[in-house]
Amino acid sequence: MKGTDIIIIGSGIAALQLACQLKEQFNVMIITKGYIKDSNSYRAQGGIAAAISATDSLYDHYMDTITAADEHGHAAAIHTLVTEGRQIIKDWIRVAPFDMHSDGNIALGLEGAHSKARITHCGGDQTGKYMTEFLLRQLYLSKRVQWLENKMVIDLLQNKAERCIGVITKDIDGSCHTYVAPHVVLATGGAGELYASTSNTWSVAGDGVALAYRVGAKLSDMEFFQFHPTLLHINGRSIGLVSEAVRGAGATLKNDLNEQFMVHVHPLGDLAPRHIVAHEIFQQIKAGRKVYLDITPVKDFSSRFPAITNMCKQHGVSIQKGKIPVVPGAHFMIGGVVIDDWGATSVKGLYAIGEVAASGVHGANRLASNSLLEGLVYGKRLAAYIVQQHDNLQTIDFTPKKQHREQLTKLPFTKQELQQSMMQAVGIIRDHDCLSKQLRWLDAYQIDPFKQIEQSDRSTIQVYFMWIAARLITEAALHRTETRGCHIRSDFPNKDNEYWLQKRIVHFKSTNRMEVTYDQPYTIKHHA
């Protein structure tokens with residue numbers, strides 16, 4: 001058993017921001033299932049939204065976020081996000097590798113549902129890579145940061161007082177190790193790997209959701225899962241993301257009849273909120289049409305979007321012909337582990353930041369380029385909270401409580417079967433019959449989420465974690481009988497403000513049973 005001050009699970013921008021804020025005062029251990037750069041943050045193309053131009057304002061960014069969130073956002077949290085986020089970006093402009101114009105002013109892009117051009121970016125469409133490496137350079141200089149790669153966290157440890165005190169990891173060779181700390185942070189990302197078509201990297205498969213749920217942390221808003229409208233589509237497979245910034249630069253969506261179908265769907269056309277664009281593309285494909293991004297209006301495409309250009313070339317798509325075939329795919333988990341204003345969960349000693357957390361800043365649908373912003377803001381906020389709490393900690397009992405759980409045996413379905421079923425039944429468009437059938441299938445084998453898993457291999461544990469996340473998402477989607485944000489019910493096509501406005505579905509563990517309740521924690525306010 002090895003000890004440290006802070007354990008961070010994950011290596012995306014939220015994790016690295018937190019580590020950078022703490023590296024001078026504490027011993028920080030960063031644990032990743034793969035390699036350090038195996039994160040969605042590293043792959044992020046679009047950029048970071050911030051109201052830093054003279055023609056923009058905090059209020060405009062706040063209202064754009066509220067609107068995209070479809071009246072389900074946490075107003076105070078959104079106000080904090082745009083306010084503190086702007087200051088972080090202003091501070092970073094002097095030191096971080098943001099793209100600049102020749103006159104020395106920062107280059108700002110436009111993306112869907114934004115009323116102003118406010119997207120800061122790096123390397124054209126390589127913002128995540130540049131920002132990740134910017135933070136890593138700072139951390140590599142610290143002697144107080146320890147990196148543990150290729151270690152899958154399979155359980156969170158609790159003492160008799162139910163405080164989270166550490167983690168159990170499993171190596172590729174099957175060996176298990178225990179690490180303890182007074183502060184354990186989930187920064188594991190979302191659950192895009194639950195779906196057959198996704199923009200996510202292989203490691204983002206709902207681990208944080210499953211880990212938190214197994215120790216009793218509350219989760220909410222799991223029914224809201226954002227599908228990105230434009231993933232490169234080759235030979236029936238989704239290859240990778242084609243950034244929304246491409247449409248912001250002038251590209252248009254067309255079907256194989258050369259129709260610009262978004263013109264008649266939303267006032268913002270191709271730059272409508274993501275759930276609207278994804279839904280319409282899905283409808284086009286369902287009707288037998290193929291969908292393309294026409295990039296001919298974009299000048300200097302290859303230099304502006306070098307990563308997308310290389311991806312297209314690698315898969316035989318000609319940039320010169322100006323047509324990139326696209327389909328929607330699972331992109332961002334809106335809900336997750338419920339946290340307070342600083343990142344603390346309902347379990348003492350356990351925190352969550354980034355995509356794994358339900359902070360309320362995204363409501364029912366995330367505004368483009370607010371994800372990296374959230375990671376930066378909450379990484380910094382949680383650091384301040386831990387500094388304050390660490391000094392006030394009394395002696396902690398690091399003796400793990402004994403668990404009396406049945407051993408997980410072989411699962412009766414494969415990862416691919418789970419992914420296909422989620423894509424078909426709990427994808428872009430849902431209905432009662434498909435959701436009910438999916439829930440029955442998930443429950444058919446009488447699996448429960450509280451098994452003992454140390455003796456299982458990593459691949460089995462991974463599918464088990466995915467099953468837990470899939471079960472939570474499906475049940476929440478079945479319960480919410482309305483369409484709101486990226487949760488689209490064909491049998492309930494309208495918003496139901498009378499019953500569902502600001503109402504959250506909350507999952508929690510009760511005496512080793514899966515339970516659901518509801519709360520209504522906040523209302524929309526207009527911050528001036």
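Is lysine 23 buried or exposed? Lysine 23 counts as buried, at 13% relative accessibility. Here buried means under 20% relative accessible area, exposed means over 50%, and partly exposed lies in between (1.4 Å probe, protein chains only).

**Basis of this note.** This is a predicted model: local features need pLDDT of at least 70, side-chain atom pairs count only at pLDDT 80 or more, and totals for chains, interfaces and linings use all residues. Residues are numbered from 1 along each chain as its sequence is written, and side-chain values use heavy atoms, with hydrogens and water left out.

1. **Salt bridges.** The structure holds 27 salt bridges. A salt bridge is a side-chain nitrogen of Lys or Arg within 4 Å of a carboxyl oxygen of Asp or Glu. Side chains of opposite charge can pair when their charged atoms come close. Lysine 23 pairs in this way with glutamate 24; their closest N and O atoms are 2.9 Å apart. Glutamate 24 is exposed, at 58% relative accessible area.

2. Arginine 480 forms a salt bridge with glutamate 223, with the closest N and O atoms 2.6 Å apart. Arginine 480 lies in the loop between H14 and strand E22 (488-489), and glutamate 223 in the loop between strand E12 (219-220) and E13, so the pair ties together parts that are 257 residues apart in sequence. Helices (H or I, at least four residues) and strands (E, at least two) are DSSP runs, numbered from the N terminus. Arginine 480 is buried, at 0% relative accessibility. Glutamate 223 is buried too, with a relative accessible area of 0%. A network of salt bridges links Glu223, Arg480, Glu482 and Arg484.

3. **A strand-to-strand pair.** Aspartate 294 forms a salt bridge with lysine 254, the closest N and O atoms being 2.9 Å apart. Aspartate 294 sits in strand E16 (residues 291-294) and lysine 254 in strand E15 (residues 252-255), so-called distant parts of the chain, 40 residues apart. Both aspartate 294 and lysine 254 are buried.

4. **A buried lysine without a partner.** Lysine 503 is buried yet has no salt bridge. The nearest side chain of opposite charge is aspartate 496, 8.9 Å away. For charge, Lys and Arg count as positive and Asp and Glu as negative; His and the chain ends are not counted. Lysine 503 lies in the loop between helix H15 (497-500) and strand E23 (504-510). A polar contact of 3.0 Å joins its side chain to that of tyrosine 499. A polar contact is a pair of N or O atoms within 3.5 Å; within protein, one must be able to donate a hydrogen and the other to accept it, and residues adjacent in sequence count only if both atoms are side-chain atoms. Leaving aside neighbours within four places in sequence, lysine 503 is in contact (heavy atoms within 4.5 Å) with residues including His72, Arg480 and Asp519.

5. **Nonpolar cores.** The largest nonpolar core has 131 residues, and Ile8 and Leu156 have the most contacts inside it. Helix H14 (residues 458-479) gives the most to this core, with 14 residues. A second, separate core of 27 residues includes Ala249, Val277, Ile295 and Ile319. A nonpolar core is a set of buried Ala, Val, Leu, Ile, Met, Phe, Trp, Tyr and Cys residues joined through side-chain atoms within 4.5 Å. Beyond residues up to four places away in sequence, leucine 156 touches Ile9, Cys164 and Leu350, among others.

6. **Cysteines.** The structure holds zero disulfides. A disulfide is a pair of cysteine sulfur atoms within 2.5 Å. The sulfur of cysteine 176 is too far for a bond, because the closest cysteine sulfur, in cysteine 164, is 17 Å away. Cysteine 176 is partly exposed, at 30% relative accessible area. Cysteine 312 is buried, at 0%.

7. **Positive phi.** Most residues other than glycine have a negative phi. Asparagine 235 has a positive phi, near 50°. Asparagine 235 is in the loop between strand E13 (225-234) and strand E14 (237-241), and is exposed, at 77% relative accessible area. Serine 369 also has a positive phi, of about 65°. Serine 369 lies in the loop between strand E20 (357-358) and helix H11 (371-392), and counts as buried, at 5% relative accessibility.
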